[in-house]
Amino acid sequence: MLCVDYGETPVMLDAPVSGGVLGAETGTLTFMVGGSEEAYLAAKPLFFSMGKNIIYCGGAGNGSVAKICNNLAMAVTMLGVSEAFALGQSLGIAAKTLTKVFNSSSARCWSSDTYNPVPGVMEGVPSSRNYAGGFTSKLMAKDLDLASASAKEVGLKCPLTCQAEEIFTELCNKGRGTDDFSCVFRHYYNGVDEL
C-alpha cells in the first residue's frame, strides 16, 4: 500500500510488485497499481523512481488481484516446465537440450528462458545457488491460497490453482518453504542437476 498526499486528503493505492530482490536492486520492478486513476497519475513519478513497468490495473484492490493472478500463472508455468524437464531427463534427453528446444519454440516462457529450475543450466538464478534467494515456496503457497480463495469467492473452477497450491504446500511441509519456488523441479519431481 502507498499513501499519496493528494491535495487535502491522503489517498491509498495498492501497488504490489514483481521482480524480486534483483528487480528492487536494479530499479526494474513492475508495479501493479490499484486505486483512483488520479492518485495513480500523481504517484507515477514515485513508482518510476523504483521500477520500469508501472501498470494501472483499475480500482482499489485490483493491483493485488493482478499480483495474485500473475503469481498463479508463474506457479503453473514453473510446474509445467519442471515436469517436462523431469520427464525429458527420465527419457534420456538433457535439460540443456530441452531448454534450447523450449526457448526456440512454443514452450518458451520465463521459467525456461530467464529462471530455469534445473541446476547447471543457467547461471545467476536460484537453481544455480541450491535454490537460495528468489521467491520462496512459502510465499508461492500463500499466494496460491489467496488465488484459490478468490476463485471460490466468485464461483470459478480453478483445478490448476488447487493442484499448484497442494504441491507448494507439500514442499513447505517437507521443509522447503524458504527455498525458491523453482526447487519444485528437484524436490517434487525429483529432477537431477545438469552436469
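Modeller: Helices, as the term is used here, are DSSP runs of H or I with at least four residues, strands are runs of E with at least two, and both are numbered from the N terminus. The model under discussion is predicted.

Colleague: Where is Asn190 found?

Modeller: Asn190 is not a glycine, although its phi is positive, at about 60°. With a relative accessible area of 61%, Asn190 lies over the 50% cut-off and is therefore exposed. As for its place in the chain, Asn190 is found in the segment after H8.

Colleague: What pattern does the protein chain follow along the sequence?

Modeller: The protein chain contains 8 helices and 5 strands. Its C-alpha atoms fill a box of roughly 65 × 40 × 35 Å along the principal axes. Read along the sequence, the elements come in the order β-β-β-α-β-α-β-α-α-α-α-α-α.

Colleague: What percentage of the residues in the protein chain is buried?

Modeller: Consider contacts between residues at least 6 apart in sequence: 55% of them join residues at least 24 apart. A residue counts as buried when its relative accessible area is under 20%. Of the 195 residues in the protein chain, the buried share is 43%.

Colleague: Are H3 and H4 parallel or oblique to each other?

Modeller: Helix H3 spans residues 62-90 and helix H4 spans residues 95-103; their axes come within 9 Å and cross at roughly 130°. That angle falls between the range for roughly perpendicular, 65 to 115 degrees, and the range for roughly antiparallel, over 145. The two helices, H3 and H4, are therefore oblique.

Colleague: How many nonpolar residues are in the contact of H3 with H4?

Modeller: The crossing of H3 and H4 is right-handed. From H3, Ala84, Phe85, Gly88 and Gln89 take part, and they meet Ala95, Leu98, Thr99 and Phe102 of H4. By class, this contact has no charged residues, 3 polar ones and, for the nonpolar class, 5.

Colleague: Is H6 roughly parallel or roughly antiparallel to H7?

Modeller: The axes of H6 and helix H7, which covers residues 159-176, come within 9 Å and cross at roughly 150°. Because an angle over 145 degrees counts as roughly antiparallel, the orientation of H6 to H7 is roughly antiparallel.

Colleague: How many charged residues are in the contact of H6 with H7?

Modeller: H6 passes H7 in a left-handed crossing. Among the residues that make the contact are Lys138, Asp145 and Ser148 of H6 and Thr161, Cys162, Glu165 and Arg176 of H7. The classes are 9 nonpolar, 4 polar and, for charged residues, 4.

Colleague: Which residue is joined to Ser148 by a polar contact of side chains?

Modeller: Ser148 is found in helix H6, residues 137-154. Its relative accessible area of 6% is under the 20% cut-off, so Ser148 is buried. Beyond neighbours within four places in sequence, Ser148 is in contact with Thr161, Cys162 and Glu165. The side-chain polar contact of Ser148, at 3.5 Å, is with Glu165.

Colleague: Is Asp143 buried or exposed?

Modeller: Asp143 is found in helix H6. Leaving aside neighbours within four places in sequence, Asp143 contacts Lys67, Ile68, Asn71 and Phe135. A relative accessible area of 6% is under 20%, so Asp143 counts as buried.

Colleague: What is the phi of Tyr131?

Modeller: Tyr131 has its place in the loop between H5 and H6. At 0% relative accessibility, Tyr131 counts as buried. Phi is positive here in a residue other than glycine, and for Tyr131 the value is near 65°.

Colleague: How far apart in space are Ala107 and Glu83, C-alpha to C-alpha?

Modeller: Ala107 is found in the loop between H4 and helix H5 (110-113). With 32% relative accessibility, Ala107 lies between the cut-offs of 20% and 50% and so counts as partly exposed. Apart from residues up to four places away in sequence, Ala107 touches Phe102 and Ser112. From Glu83, Ala107 is 24 residues away in sequence, and the C-alpha distance is 13 Å.

Colleague: What distance in space separates Leu195 from Lys96, C-alpha to C-alpha?

Modeller: Leu195 is found in the segment after helix H8 (184-187). At 94% relative accessibility, Leu195 counts as exposed. Leu195 and Lys96 are 99 residues apart in sequence, while their C-alpha atoms are separated by 9.5 Å.

Technical notes: Residues are numbered from 1 along each chain as its sequence is written. This is a predicted model: local features need pLDDT of at least 70, side-chain atom pairs count only at pLDDT 80 or more; totals for chains, interfaces and linings use all residues. Side-chain values use heavy atoms; hydrogens and water are left out. Axes are lines fitted to C-alpha atoms, for helices over the stretch in contact, and angles run from 0 to 180 degrees between N-to-C directions. Angles under 35 degrees count as roughly parallel, over 145 as roughly antiparallel, 65 to 115 as roughly perpendicular and the rest as oblique. A crossing is left-handed if the near helix is turned anticlockwise from the far one by less than a right angle, and right-handed if clockwise. Contact means heavy atoms within 4.5 Å. Ala, Val, Leu, Ile, Met, Phe, Trp, Tyr, Cys and Pro count as nonpolar, Asp, Glu, Lys and Arg as charged, and the others, Gly among them, as polar. Buried means under 20% relative accessible area, exposed over 50%, partly exposed in between (1.4 Å probe, protein chains only). A polar contact is a pair of N or O atoms within 3.5 Å; within protein, one must be able to donate a hydrogen and the other to accept it, and residues adjacent in sequence count only if both atoms are side-chain atoms.
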